[in-house]
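This report is meant for a reader meeting the structure for the first time. Please keep the sequence and the 3D view at hand while reading.

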Amino acid sequence: MAIKSKKALVCHLEKAFDRNSIRDALDERLIYSVGKDALTATDRDWFMASAYVVRDRLIDRWMQTMSSYYEGNVKRVYYLSMEFLMGRALMNSLHNLEMDQATREALHDLGVELEAARDVEYDAALGNGGLGRLAACFLDSMATLDLPGYGYGIRYEYGMFQQHIEEGRQIEHPDNWLRYGNPWEFGRPEVLYQVKFHGHVAEYKDENGVVRHHWMDTDDVMAMAHDTPIPGYGTRTVNNMRLWAAKSSRDFDLGYFNQGNYIKAVEDKDRSENLSKVLYPNDSTQMGHELRLKQQYFFTCASLQDILTRYLKDHDHFDELPNKVAIQLNDTHPAIAIAELMRVLVDLHHVPWEKAWDITRHTFSYTNHTLMPEALETWPVAMFENILPRHMQLIYEINHRFLEEVRHHFPGENDLLRRMSIIGEEGGKRIRMAHLAIVGSHKVNGVAAIHTQLMRQTIFADFDRLYPGKIVNMTNGITPRRWLNQANTQLAELINSNIGKSWLKDLSQLKALIPLVENASFRAQYAAIKRANKQRLVGLIKHKLGLDVNVDSLFDVQIKRIHEYKRQLLNVLHIVTLYNRIRRGGDCVPRTVIFGGKAAPGYAVAKLIIKLINDVADVVNNDPQVAGRLKVVFIPNYDVSTAEIIVPAADLSEQISTAGTEASGTGNMKLALNGALTIGTLDGANIEIGEEVGWENIFIFGLTTDQVAEIQARGHQPGAYYDGNAELREVLDMIGSGFFSPSEPARFKPIIDNLLHHGDKYLLLADYASYIACQAEVDAAYRDQDTWVKKSILNVANMGKFSSDRTIAQYAREIWDVKPVGQK
């Protein structure tokens, strides 16, 4: 009865969504929540007032949603991720609540433009790239599909660093995203859990003679919850994202303070709270490495305590846990949760091992995001044992029982035991977290068809042999609400006026645009919108860099994390090739090559590639022989909000990773959904994009995964490509000799050495000729603007498969067994 009464009360008090009510609410919130009046209010004050008004309307539905989950005792899904790259929340919430127009009008009545308030919101950059943005899209889709889903992560005080470019080099500055407060979150000081580290394990026998373990003399940290409502589109469902902040178990040592040792008095507090201070500490040091492991355990331990507390409100045993709880591990970062759940069940609740393991395996599922063995996370046993001694014992036991299972199935195959062991012996004992995640989960998924196929055939072939059917595919997706409706409002309005708005919840409805490809009026409107989006990006480039760009040039875009396997360097080789051709009088369509992305602070080669891009840009952009036919732009501090401007403006989408290295990619989906044509390898989701949009509407080049494997097997000879291709040789010699760095001729020698003398690991030289030829095809296609626009529209129309709604519906059906819970 209490829940029903509370629900009735919430319904009775629900806020209105009309223009006049919103205007009155803005006035009230500005005065009583922000403490300003209209005469003194800044754009930031109006943003805060707007956020509070929207939040009030979210809360009504949030309370109803949470109550319905408890009332129905439904199975819930918990998405554990070290990253949630949410971006700005104001416009996303306004669009999902369908109150953007009323709010715009209400603010205008008060003399304020919505865009001015929007633009002062800080990006919530609690992620590094695709992994965190995928998690954000998934939360949006879970709410839109009325699925009882929760996100769990860390409330980093400092998010992904602010990237400044100084003299062409990346300089990292702290990202103090909480400087002005976060109006979207609710701190929960009453939701506080203890997290233990270090100490030792005492073994004893209980009254029944059963051996038990007690983890004691630990260093303790408290995890405090911060909740953020996540609204779905076209539904009353508002789900929850709960992020954990580290708090000291002892804020202040009065003894040290009274002795005058003020630093020592707060030392424990500072050390404890460093756990949630920064996203991805530089783990090239031992201290940074330990902090990274502690962060992973910190948030998984707190999340499991919270999940089990919620479960135990309605249950007095754990038999039903897999029927009420589905936990998805987003990569291996939260994989320690498998050992932690075993610790809770076996040590704290005395569940027998076999039963506890069965419960654990049926509760967890794991998403793999990489095929590169060196990128699979491992931890040194000695370090792990020091920080989490009981978990090390549990992992040894899990591994022992698992290897017995392998021996039983494949007797005499001793090398198989070595390959499959959770404990690797190469280069010192290390825990293979992906192996733990596979062994401890009931399903393991890849994120694109080719990625999943290669998982089964290469890095996890042994596990596929032992557990046939366990590794399944869930091709990634993106939310069309943010990446088309919000980022490209003019295109969204054009689509709505022609086929209606149903595509916002069923992206396959965009296929209704296909007949309009032959409609000259529609094509003209579409092209005008693309040009307007490009003009907006021209303004951003001018504002940030002071650089003039030709709006009618081909906007060639590569925006993603800077990494050798993503091959921004191959793009640079093409730029220099074009530059040389232009200087020799060659003809090409005007082209603006646009880069954006951050390099990890400790990744020297990636940072040197950024410097090379900027040095090449400095020469090309200032050479009178080029005369504006080629421009190179590196947009600093690439983030979600910047992507929302770049993506709708792109003509060409660079997805050029070495075949077999990119698990899926989601940038390729965002760009294609906004009408950019893809140039790419047969890697990740590029293959499925080609299948959907038509191979004639995408540009494919380079080696296949089979050809890559063949070259690697026989030994790559990069020197042969250098000797056999005069253009390539000229380009590499220019970079290596200091043409682009005359003040320091040897600056880029490490890059050239990597290509010519250290194996060219990602096969840039093997793919160079094919890439250059494919770019010539792009050049020719862009000259026929009418045909290009048709291809662009067909990309938009055929991207329905790549909605995160489709992905999440598949997870819910095939892995989680979670059903929608509609809100009244």
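The sections below treat aromatic rings, helix packing, charged side chains, cysteines and backbone angles in turn.

## Basis of the report

The structure is a predicted model. The values given below are computed from that model.

## Aromatic pairs

The structure contains 21 aromatic pairs. One of them joins Tyr-122 and Tyr-180, whose ring centres are 6.2 Å apart and whose planes meet at 50 degrees, so this pair is tilted. Tyr-122 belongs to the loop between helix H6 (114-118) and strand S3 (124-126), while Tyr-180 belongs to the loop between strand S6 (169-173) and strand S7 (186-197); the pair therefore ties together parts that are 58 residues apart in sequence. Tyr-122 is partly exposed at 27% relative accessibility, and Tyr-180 is also partly exposed, at 43%.

A second pair consists of Phe-138 and Tyr-811. Their ring centres lie 5.7 Å apart with planes at 70 degrees, so the pair is edge-to-face. Phe-138 is part of helix H7 (residues 130-144) and Tyr-811 is part of helix H35 (residues 804-816), so the pair ties together parts that are 673 residues apart in sequence. Phe-138 is buried, with a relative accessible area of 0%, and Tyr-811 is buried with a value of 0%. Elsewhere, one aromatic cluster is formed by Tyr-69, Tyr-78, Tyr-150, Tyr-152, Tyr-193 and Trp-244.

## Packing of helices H7 and H35

The two helices that carry Phe-138 and Tyr-811 also pack against each other, at an angle of about 75 degrees and with their axes 9 Å apart. H7 and H35 are therefore roughly perpendicular. On the H7 side, the contact is made by Cys-137, Phe-138, Ser-141, Met-142 and Thr-144. On the H35 side, Ser-804, Asp-805, Thr-807, Ile-808, Tyr-811 and Trp-816 take part. The edge-to-face pair of Phe-138 and Tyr-811 thus has both of its residues in this contact.

Which residues of helix H19 (residues 449-457) are buried? They are Ile-450, His-451, Thr-452, Leu-454 and Met-455. The elements that cover these buried residues include strand S17 (443-446), helix H20 (461-466) and strand S18 (471-473). Helix H28 (686-693) and helix H29 (705-714) are also among the covering elements.

## Charged side chains

Two charged ends sit over aromatic rings. That of Arg-44 is over the ring of Tyr-180, 3.8 Å from the ring centre; Tyr-180 is also a member of the tilted pair with Tyr-122. The charged end of Lys-534 is over the ring of Phe-555, 4.5 Å from its centre.

Lys-534 is located in helix H23 (residues 520-545). Is Lys-534 buried or exposed? With a relative accessible area of 4%, Lys-534 is buried. Apart from neighbours within four places in sequence, Lys-534 contacts Val-551, Asp-552, Ser-553, Phe-555, Ala-649, Asp-651 and Tyr-782.

Arg-361, in helix H14 (residues 353-363), is partly exposed, with a relative accessible area of 21%. The C-alpha atoms of Arg-361 and Ile-338 are 8.1 Å apart in space, and the two residues are 23 residues apart in sequence. With neighbours within four places in sequence left aside, Arg-361 is in contact with Val-439, Gly-440, Ser-441, His-442 and Lys-470.

## Cysteines

How many disulfides does a search of the whole structure find? The search finds 0 disulfides. For Cys-774, the closest cysteine sulfur is that of Cys-588, at 16 Å, which is too far for a bond. Cys-774 is buried, with a relative accessible area of 1%. Cys-137, one of the H7 residues in the contact with H35, is buried at 1% relative accessibility.

## Positive phi angles

Most residues other than glycine have a negative phi. Asp-146 has a positive phi, near 60 degrees. Asp-146 is found in the loop between H7 and strand S4 (149-154) and is buried, at 16% relative accessibility.

Asn-637 likewise has a positive phi, near 55 degrees. The loop that holds Asn-637 runs between strand S21 (630-635) and helix H26 (640-649). Asn-637 is buried, with a relative accessible area of 12%.

Notes: Residues are numbered from 1 along each chain as its sequence is written. This is a predicted model: local features need pLDDT of at least 70, side-chain atom pairs count only at pLDDT 80 or more; totals for chains, interfaces and linings use all residues. Side-chain values use heavy atoms; hydrogens and water are left out. Rings of Phe, Tyr and Trp (its six-membered ring) pair if their centres lie within 6.5 Å; planes under 30 degrees apart count as stacked, over 60 as edge-to-face and the rest as tilted. Helices (H or I, at least four residues) and strands (E, at least two) are DSSP runs, numbered from the N terminus. Buried means under 20% relative accessible area, exposed over 50%, partly exposed in between (1.4 Å probe, protein chains only). A charge sits over a ring if NZ of Lys or CZ of Arg is within 6 Å of the ring centre and within 35 degrees of the ring normal. A disulfide is a pair of cysteine sulfur atoms within 2.5 Å. Contact means heavy atoms within 4.5 Å. Axes are lines fitted to C-alpha atoms, for helices over the stretch in contact, and angles run from 0 to 180 degrees between N-to-C directions. Angles under 35 degrees count as roughly parallel, over 145 as roughly antiparallel, 65 to 115 as roughly perpendicular and the rest as oblique.
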